[in-house]
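This briefing covers a calcium site, a group of strands and a domain interface. Please consult the sequence and the structure shown here alongside the text.

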Amino acid sequence: MAYLKNVLSRKQTPQSQPIPGTAQGPNSAGGYTWHVDDWTRLNRFLILGCEGGSYYASAQKLALENAQAVIRCLAADGPRTVRTVVEVSEAGRAPKQDPALFALALATTDHADPATRREALAALPRVCRIGTHLFQFAAHVDGMRGWGRGLRSAVAAWYAREPGEVAFQAVKYQQRDGWSHRDLLRLAHPQADPDSSLQTVYHWITRGWETVPAELPADASLRLVWAWERAKRAESVAEIVALVREHRLPREAVPTQWLTHAEVWDALLDDMPMMALIRNLATLTRVGVVAPGSDGTHRVLAQLRDEKRLRAARVHPIVVLGALGTYRQGRGVRGQGVWTPVQAVVDALDAAFYAAFGSVESTGKRWLLALDVSGSMGCGQIGGMPGVSPRVGSAAMAMVTARREADYTIVGFTSGSGGLGGRWGGGTPGLTPIPISPRQRLDDVVQAVGALPMGGTDCALPMLWAMQQRVAADVFVVYTDNETWAGDIHPMQALREYRDRMGIPAKLIVVGMLANPFTIADPNDAGMLDVVGFDTAAPAVMADFAKG
Ligand code: CA
């Protein structure tokens, strides 16, 4: 009879089988879960991307599956697809623009109807906010369709802006993915008045400046271009510094041989955009502009602590997390040399991570934050950020809620060898309270979680543990890739039992940390919600859901 036990039970089903009467299907790990709808999948793709692949699939395989999901969205509702892409992009909810640019490019192809294609092309300036985005879009679209009139007009329209702004784009964002402004202008042929400054800027981009005048041009829109041309020919640090200070020349316009001088970086710091600042902290420290107590450090700290500027620059928290991880180590991943990290900068990055999410008020609820620390969570990179695996990323995400709420418990769960005969070697089966707290610095939190032993996956463990320990929780948050397989009971069934036995109408929020289609959240249970890991909108959505 043992083999008949639980086969048809809707109360307790092993995760290796679907719950009878539901729409569950197999995940990649030998377990059964629900599949999220294509709109949730689209959000997962736009926000998490699929760089680095996963434990179960290569980056190419994941990318193909996500592309197919985007195509299904386009077929179901093209305008909604384009709106979603624009919304995620404009709100700065994703760490990288690349998935949005890819999806937007797809929306200009035969996979979309003509009206959707027009909307996608009209949305070009909203998603491609800087030259680099336009180049990335061009690289995607180039492989998907021809350069017909609609596409060429849309690119031409992108260049129909203030001549000084076009010049700035050309000086700061010179090329990417094999595309440059010259390539695009030659394809798109934007029309400008022959005698206008705009036409002069177009001409300079496509043909260059044959003889650079010794004097500053009268036409204001050409001054940045002139300064760049002078910088190429500069012979002293003083000359470069003067050009940077007088014409707000960006770092990209300074020839590399001058970028080893502290004076040059000191001048650049005045107008450095927030994202560039975060990316160049190591260099600023290496050349000595940022040093303990220095004037440069004070200016850097003032910027990093400016929440308004952080949000206005759409700095994504994961970019800050990545920068924190690299900066504190004092050595670069890709030959950026070595530096001595300044402690105040490390602390400011820690604070900037939370600030980048914006503020959400405490809900007063009891939260159980459960991190899937199984083996598969160590694979892949969220938003293509080196060092930020789903496992590490989920710890950082949990800190955002823990820092806000007074009543929270953080646990990690892994199934150890599980029921499949020692498939996993290490790991303590069950659930362990993790000694991490938002009062610790994020890099320490991430290290502590990274060092936990890994095992198999059983996403029902948080609910079973809370039931056994009589832990009262209003909200279970499970941070996972949803590749659960090891338990004797499905997570949703465990939650139902928890509700019954504890008399608490507990909710479940699944924070999906991978752009796959799986979820442990029952779509027919209004007390369960899917959000996307590292969506900057997630903390507010989670708080609203918890409050009811
Ligand atoms: Ca796993």
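A crossover is right-handed if, with the strands pointing away from the viewer, the path from the first strand over the helix to the second runs clockwise. Helices (H or I, at least four residues) and strands (E, at least two) are DSSP runs numbered from the N terminus. The model is predicted, so local features need pLDDT of at least 70 and side-chain atom pairs pLDDT 80 or more, whereas totals for chains, interfaces and linings use all residues. Residues are numbered from 1 along each chain as its sequence is written, and side-chain values use heavy atoms, without hydrogens and water.

**Strands**

- Strand E5 (residues 367-372), helix H20 (residues 390-404) and strand E6 form a right-handed β-α-β unit.
- E5 and E6 pair in the parallel sense over 6 bridges (pairing requires at least two DSSP bridges), and Leu 371 has Gly 412 of E6 as its bridge partner.
- E6 also pairs with strand E7 (residues 430-433), in the antiparallel sense over 4 bridges; here Phe 413 stands opposite Leu 431 of E7.
- In E6 (residues 408-414), 5 of 7 residues are buried (under 20% relative accessible area, 1.4 Å probe, protein chains only).

**Calcium site**

- Ser 374 (OG), Ser 376 (OG) and Thr 457 (OG1) are the protein donors of the calcium ion, at 2.2 to 2.4 Å (donors are N, O and S atoms within 3.2 Å for Ca; water is not among the atoms, so sites may look incomplete).
- The donor residues follow the spacing S-x1-S-x80-T.
- Both Ser 374 and Ser 376 are buried.

**Domains**

- The domain assignment gives domain 1 (272-356) and domain 2 (360-547), with C-alpha centres 30 Å apart.
- In domain 1, 15 residues contact 17 residues of domain 2 (heavy atoms within 4.5 Å).

Terms used. Donors are N, O and S atoms within 2.8 Å of the metal (3.2 Å for Na, K and Ca); water is not among the atoms, so sites may look incomplete. Buried means under 20% relative accessible area, exposed over 50%, partly exposed in between (1.4 Å probe, protein chains only). Domain bounds come from an automatic or database domain assignment.
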